[in-house]
Amino acid sequence: AEFNLTLESMKKEAKRASRLEEKVNLVTGGLAARAKATGDAILASWDRMAKAEEQLGAFRMLQGLETLAGPARAEALKRELEVQRLREAELQARYGELLKALDARTPNGH
């Protein structure tokens with residue numbers, strides 16, 4: 001009789017332990033899934049941050065190059081503009097001379 005009572009008690013405890021184990025697995029499974037999702041999100045954020053830092057470095061390098069090259073380009077454009085102005089003045093003068101020559105050749109100045 002005592003054996004049967006002990007056996008019944010063990011079966012109840014085993015059933016209770018099984019239910020508790022299921023609850024623990026459910027809770028820890030949820031926590032493990034959340035931990036994995038959070039870890040994945042952290043890794044994705046880390047990758048985006050690394051790419052952003054790489055891009056920032058490239059843009060800073062380009063900014064430095066532009067800072068150095070900008071004044072030289074502006075000076076080159078000023079020189080080119082001056083050459084174009086001189087050329088325009090020469091062409092206008094030449095056009096005026098040609099008009100005078102044409103007027104001199106045509107009777108009555110037209």
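Buried means under 20% relative accessible area, exposed over 50%, and partly exposed in between, with a 1.4 Å probe and protein chains only. The structure is a predicted model, in which local features need pLDDT of at least 70 and side-chain atom pairs count only at pLDDT 80 or more, while totals for chains, interfaces and linings use all residues. Residues are numbered from 1 along each chain as its sequence is written, and side-chain values use heavy atoms, with hydrogens and water left out.

**Exercise 1. Overall form**

Determine the secondary structure of the chain and how far the chain is spread out.

Solution. Step 1: helices (H or I, at least four residues) and strands (E, at least two) are DSSP runs, numbered from the N terminus.

Step 1: The chain is more spread out than a compact globule, because its radius of gyration of 45 Å is well over the 13 Å that the rule gives for 110 residues.

Step 2: the C-alpha trace spans about 150 × 35 × 10 Å along its principal axes. Within the chain, Ala37 and Glu97 are 60 residues apart, and their C-alpha atoms are separated by 83 Å.

**Exercise 2. Surface**

State what share of the residues is buried, and describe the nonpolar patch that contains Phe59.

Solution. Step 1: buried residues make up 0% of the 110 residues.

Step 1: by the Shrake-Rupley method with a 1.4 Å probe, where for residues only the protein chains shown count as cover, the chain exposes about 10,400 Å², of which carbon and sulfur atoms supply 63%.

Step 2: patches consist of residues with over 30% relative accessible area and no salt bridge, like charges being joined within 9 Å and nonpolar side chains (Val, Leu, Ile, Met, Phe, Trp, Tyr) within 5 Å. Phe59, Met61, Leu62 and Leu65 form such a nonpolar patch on the surface, with about 430 Å² of accessible area together.

Step 3: Phe59 belongs to helix α1 (residues 2-105) and counts as exposed because its relative accessibility is 56%. Ala37 is also placed in helix α1, but it counts as partly exposed at 46%.

**Exercise 3. Charge pairs**

Find how many salt bridges the whole structure holds, and examine the pairs Glu13 with Arg16, Asp40 with Lys36 and Arg94 with Glu97.

Solution. Step 1: side chains of opposite charge can pair when their charged atoms come close. A salt bridge is a side-chain nitrogen of Lys or Arg within 4 Å of a carboxyl oxygen of Asp or Glu; a search of the whole structure finds six.

Step 1: the closest N and O atoms of Glu13 and Arg16 are 3.3 Å apart. Both residues lie in helix α1, three residues apart, about one turn of the helix. Glu13 is partly exposed at 43% relative accessibility, as is Arg16 at 46%.

Step 2: Asp40 and Lys36 meet at 3.0 Å, N to O, and are four residues apart in helix α1, about one turn. Asp40 is partly exposed at 38%, whereas Lys36 is exposed at 55%.

Step 3: for Arg94 and Glu97 the closest N and O atoms are 3.9 Å apart. About one helical turn separates Arg94 and Glu97, because they are three residues apart in helix α1. Arg94 is partly exposed, with a relative accessible area of 46%, and Glu97 is partly exposed at 48%.

Key. Rg over C-alpha atoms; globule rule 2.2 N^0.38 Å.
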